[in-house]
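Please keep the sequence and the model in view while reading.

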Amino acid sequence: MDRLQFEVPVRIALEPDLPVEEIYGVEQALDFLQDWPVRKQGPVYQKAFNACFGATVDVVKTEDACRAFMAFCRVSRLMARDMMTTRKRDGEARGMRA
């Protein structure tokens, strides 16, 4: 497995009526982030971008870059509904962590 590949693809939906897209790794996430409109970029975007870029130069773990990208997708309301599941662990309901 490529070191920059996500363990599980991040599924996003740009619009409710469009097909779900899958982001398979850091480089694909970076491509997506680079196309994100400047007027919509904020601190969560910047954290995701920095984490993904950092992963390409081996200063951030791919898993951490994936979490940052997922957080960006969740905050931006891009996360596909099937990725928004909650799990119970240790008696506590949690969403997927970012």
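Helices (H or I, at least four residues) and strands (E, at least two) are DSSP runs, numbered from the N terminus. By that rule, the chain has 3 helices and 4 strands. The model is a predicted one, in which local features need pLDDT of at least 70 and side-chain atom pairs count only at pLDDT 80 or more, while totals for chains, interfaces and linings use all residues. Residues are numbered from 1 along each chain as its sequence is written, and side-chain values use heavy atoms, with hydrogens and water left out.

**The chain as a whole**

- Read from the N terminus, the elements follow the order β-β-α-α-α-β-β.
- The chain has 98 residues, and 33% of them count as buried. Buried means under 20% relative accessible area, exposed means over 50%, and partly exposed lies in between (1.4 Å probe, protein chains only).
- The chain has an accessible surface of about 6700 Å², and carbon and sulfur atoms hold 50% of it. Such areas come from the Shrake-Rupley method with a 1.4 Å probe; for residues, only the protein chains shown count as cover.
- Among contacts with a separation of 6 or more, 46% are between residues 24 or more positions apart. Contact means heavy atoms within 4.5 Å.

**Helix H2 against helix H3**

- Two packed helices are described by the angle between their axes and the distance between the axes.
- The axes of H2 (residues 43-56) and H3 (residues 62-75) come within 8 Å and cross at roughly 155 degrees. Axes are lines fitted to C-alpha atoms, for helices over the stretch in contact, and angles run from 0 to 180 degrees between N-to-C directions.
- H2 and H3 are therefore roughly antiparallel to each other. Angles under 35 degrees count as roughly parallel, over 145 as roughly antiparallel, 65 to 115 as roughly perpendicular and the rest as oblique.
- The crossing in which H2 passes H3 is left-handed.
- On the H2 side the meeting residues include Val44, Tyr45, Ala48 and Cys52, and on the H3 side they include Ala65, Ala68, Phe69 and Phe72.
- The residues of this contact of H2 with H3 divide into 12 nonpolar, 1 polar and 2 charged. Here Ala, Val, Leu, Ile, Met, Phe, Trp, Tyr, Cys and Pro count as nonpolar, Asp, Glu, Lys and Arg as charged, and the others, Gly among them, as polar.

**Helix H1 against helix H3**

- H1 (residues 26-34) packs with H3 at an angle of about 35 degrees, and their axes are 10 Å apart.
- H1 passes H3 in a left-handed crossing.
- Val26, Ala29, Phe32 and Leu33 of H1 meet Thr62, Ala65, Phe69 and Phe72 of H3.
- This contact of H1 with H3 comprises 7 nonpolar residues, 1 polar and no charged.

**Residues in the helix and strands**

- Thr62 belongs to helix H3. Its relative accessible area is 15%, so Thr62 is buried.
- Not counting residues up to four places away in sequence, Thr62 touches Arg3, Leu4, Gln5, Phe6, Val26 and Ala55.
- Ile23 lies in strand E2 (residues 21-25). It counts as buried because its relative accessibility is 3%.
- Leaving aside neighbours within four places in sequence, the contacts of Ile23 include Phe6, Val10, Ala29 and Phe69.
- Pro9 has its place in strand E1 (residues 5-12), and with a relative accessible area of 22% Pro9 is partly exposed.
- Pro9 and Glu22 are 13 residues apart in sequence and 5.8 Å apart in space, C-alpha to C-alpha.

**Residues in the loops**

- Lys61 is found in the loop between H2 and H3. Its relative accessibility is 60%, so Lys61 counts as exposed.
- Asp58 is also found in the loop between H2 and H3. Asp58 is exposed, with a relative accessible area of 57%.
- Although Asp58 is not a glycine, it has a positive phi of about 65 degrees.
- Arg77 is found in the loop between H3 and strand E3 (86-89). Arg77 is exposed, with a relative accessible area of 75%.
- Arg77 is not a glycine, yet has a positive phi of about 60 degrees.

Methods:
Left-handed = near helix turned anticlockwise from the far one by under 90°.
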